Amino acid sequence: MTSMISVTLKGIFRDRVFQGILMTALIFLLIPTVSLLSMRQVTELSITLALSLNSLIFLLLSVFLGGTMLWKDIERRYSYGVLGLPMTRSSYLAGKFAGVALFFLLTAIVLGAATFVVVFFASSLYPPERPVQWEIIALCLFFDVMKYVLLVAIAFLFSTLSTSFFLPVFGTIAIFLAGGATQQVYDYIHSTAGDTLTPLVKQAASGLYYLLPNFSAFDLKVNAIYGLSTSFSGLLLTIGYFLLYTTFILSLAALIFSRREMR
Amino acid sequence: MSAISIENLTKTYRGKRGAKVDALKELTLEIEAGEVFGFLGPNGAGKSTAIKTLMGLISPTSGSATILGKDITTPDARRSVGFLPENPSFYDYLSAEEYLVFVGKTFAMSGPELKEKTASVLNRLDLWEARKRPMRSYSKGMVQRVGIAQVLVHDPDVYILDEPMSGLDPLGRTLVKEIIKELRERGKTVFFSTHITADVELICDRVGILVAGALQTVRPVQEILAAGVVGYQVKAKDIPQELFSYYNADSQAEWLSVPKADLGPVMARLQAAGSTVELVEPQRKDLEAFFLDIVAHSQA
Ligand SMILES: Nc1ncnc2c1ncn2[C@@H]1O[C@H](COP(=O)(O)OP(=O)(O)O)[C@@H](O)[C@H]1O
Ligand SMILES: [Mg+2]
């Protein structure tokens with residue numbers, strides 16, 4: 001499996017999609033300039049922009065690298081050679097996933113460094129009212145990466161279900177959007193405004209709430225921007241949720257992929 | 001124990017809108033350890049289907065098979081197998097060398113052994129110069145040779161090759177045939193598919209002919225070639241007159257065309273007449289003709 005991981009990593013680094021997305025990271029250079037233009041809350045704005053740019057880059061990577069990873073292997077018939085080796089389908093899948101996850105971690109370190117440089121630059125020019133909470137920014141980045149690694153697992157699941165890249169790419173985008181809204185929908189139906197809904201709609205919405213990933217739990221942007229502290233137990237709960245949900249999705253993907261016909 | 005044992009293997013592809021293709025029908029076949037077996041059949045006969053099933057890439061509709069006694073549904077069955085897919089394609093961002101190392105590692109080869117074997121295999125397949133370049137820049141024939149190389153690198157006991165000679169130039173074809181002969185000398189088992197009879201004639205111990213998903217016959221190649229002899233061309237000096245009837249219209253002086261059954265008497269009479277026999281050449285209906293006969297029969 002480790003050799004599968006290293007092959008996957010090499011593939012990503014030599015991939016044009018990756019190189020294109022990396023170009024997006026150059027926008028980082030613009031952040032200080034744009035923030036300075038606002039003249040107010042320069043630091044807060046640059047943190048917001050940097051974190052959003054991080055998220056955008058990871059979203060692109062999840063959808064276009066994660067969503068096309070298996071499809072490419074099958075489409076280009078690499079899978080015949082690889083799956084003809086004495087490797088289980090599960091370890092092939094796990095190797096690919098671990099490769100992407102590891103790559104995300106490396107990217108997060110690089111992008112995190114860029115974020116820190118940008119924010120440091122902005123805050124030294126226009127010192128903010130509250131000191132910048134660096135550790136919360138780092139935490140925010142880390143949880144963001146977790147969210148997108150989870151999204152990659154979902155992209156993999158879609159890839160095992162479909163022979164084209166259509167479902168993985170658009171399905172992943174759909175889940176990303178839905179997963180970001182589940183908490184709001186849940187809160188809405190359990191508020192007084194939600195009382196006007198029929199019980200059936202309520203049940204369906206609750207069902208979806210438990211089925212779909214809950215991405216808002218991973219979102220620490222507000223804490224990072226305003227230096228608000230986070231609840232330790234809440235973070236632990238999110239990590240536990242991430243591990244369980246990812247394992248479940250990957251196991252399901254492995255189960256489906258093991259039965260898949262390579263024809 | 002057979003190297004490969006196939007029992008009633010059947011594969012029906014289900015296409016869209018309920019379309020069904022019976023690609024493989026009740027294939028039963030034993031490949032002995034140490035033999036080179038040619039799996040011959042026209043395009044679309046089901047050769048690749050059989051091979052993909054053996055490699056666990058697709059699951060049989062019914063039937064079963066084992067490789068060195070291990071059931072094909074477990075990855076363990078592929079532990080001692082070198083597999084070459086049809087028209088292979090490998091991670092094109094890797095170089096040939098990187099891919100061989102990847103393959104060697106999945107077979108748990110040790111570093112020094114792998115390094116040595118990679119180098120020797122790359123040299124053998126004439127890929128040494130190109131070993132560091134990404135395979136994206138390789139020609140079709142080069143990729144095919146990488147395919148052969150990744151099979152040889154881990155030195156398995158069983159080789160399952162889907163059209164190993166396809167996409168190669170005459171030099172490459174000869175090289176692959178030489179390699180297969182060497183494997184036989186080293187006691188390895190080779191099971192390969194082809195639609196070209198000449199490939200089978202020169203290197204196989206036995207041949208199985210598959211037409212439309214059904215195995216028509218399995219025979220030793222030598223037996224087919226021997227049975228295919230229809231007569232002899234005999235070159236002799238001082239041919240007695242009584243044998244002049246064996247001259248045929250376009251034969252040159254000193255050459256007789258002798259039907260298979262007449263060879264004994266003709267030789268005896270030549271000897272009795274004191275002629276010197278210089279050469280006896282069998283005239284055979286070759287494997288190609290045999291193959292075409294079988295295909296024609298099975299379609300009738
Ligand atoms: N994925 C598939 N779906 C449907 N039919 C297929 C598929 N692959 C092969 N076939 C059909 O199965 C038959 C056998 O194909 P194949 O095993 O590739 O033959 P060969 O390798 O001997 O040329 C052919 O009729 C082919 O059209
Ligand atoms: Mg074929």
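1. Contact here means heavy atoms within 4.5 Å. On that basis, chain A puts 27 residues into its contact with chain B, and chain B puts in 30 residues. Keep in mind that this is a predicted model, where local features need pLDDT of at least 70, side-chain atom pairs count only at pLDDT 80 or more, and totals for chains, interfaces and linings use all residues. Residues are numbered from 1 along each chain as its sequence is written, chains are lettered from A and ligands numbered from 1 in the order in which they are written, and side-chain values use heavy atoms, with hydrogens and water left out.

2. On to area. Buried area is the accessible area (1.4 Å probe) that two parts lose on being put together, summed over both. For chain A and chain B that comes to about 2,600 Å², with carbon and sulfur atoms giving 56%. On the chain A side, the most area is lost by A:Tyr78, A:Pro86 and A:Arg263, which together make up 25% of what that side buries.

3. Now the polar side of the interface. There are 17 residue pairs in polar contact across it, both residues at pLDDT 80 or more; a polar contact is a pair of N or O atoms within 3.5 Å, where within protein one must be able to donate a hydrogen and the other to accept it, and residues adjacent in sequence count only if both atoms are side-chain atoms. The two chains also share 3 salt bridges (a side-chain nitrogen of Lys or Arg within 4 Å of a carboxyl oxygen of Asp or Glu). One of the salt bridges pairs A:Lys10 with B:Glu98, at 3.9 Å from N to O.

4. Which elements does chain A use? Helix 1 (2-13), helix 6 (78-83) and helix 7 (89-125) of chain A each give two or more residues to the side that touches chain B, and helix 6 supplies the largest share, 6 residues. Helices (H or I, at least four residues) and strands (E, at least two) are DSSP runs, numbered from the N terminus. By class, that side of chain A has 11 nonpolar, 6 polar and 10 charged residues; Ala, Val, Leu, Ile, Met, Phe, Trp, Tyr, Cys and Pro count as nonpolar, Asp, Glu, Lys and Arg as charged, and the others, Gly among them, as polar.

5. A:Gly81 is worth a look within helix 6 of chain A. Leaving out residues up to four places away in sequence, A:Gly81 touches B:Pro85 and B:Tyr99. A:Gly81 counts as buried because its relative accessibility is 4% (buried means under 20% relative accessible area, exposed over 50%, partly exposed in between, with a 1.4 Å probe and protein chains only).

6. Then the metal. B:Ser48 (OG) and B:Glu86 (OE) coordinate the magnesium ion (ligand 2) at 2.0 to 2.5 Å. Donors are N, O and S atoms within 2.8 Å of the metal (3.2 Å for Na, K and Ca), and water is not among the atoms, so sites may look incomplete. B:Ser48 is buried at 15% relative accessibility, while B:Glu86 is partly exposed at 31%.

7. Last, two backbone spots in chain B. B:Leu68, in the loop between strand 4 (62-67) and strand 5 (70-71), has a positive phi near 50 degrees without being a glycine. B:Ala108 also is not a glycine, and its phi is positive at about 60 degrees; B:Ala108 lies in the loop between helix 2 and helix 3 (111-124) of chain B.
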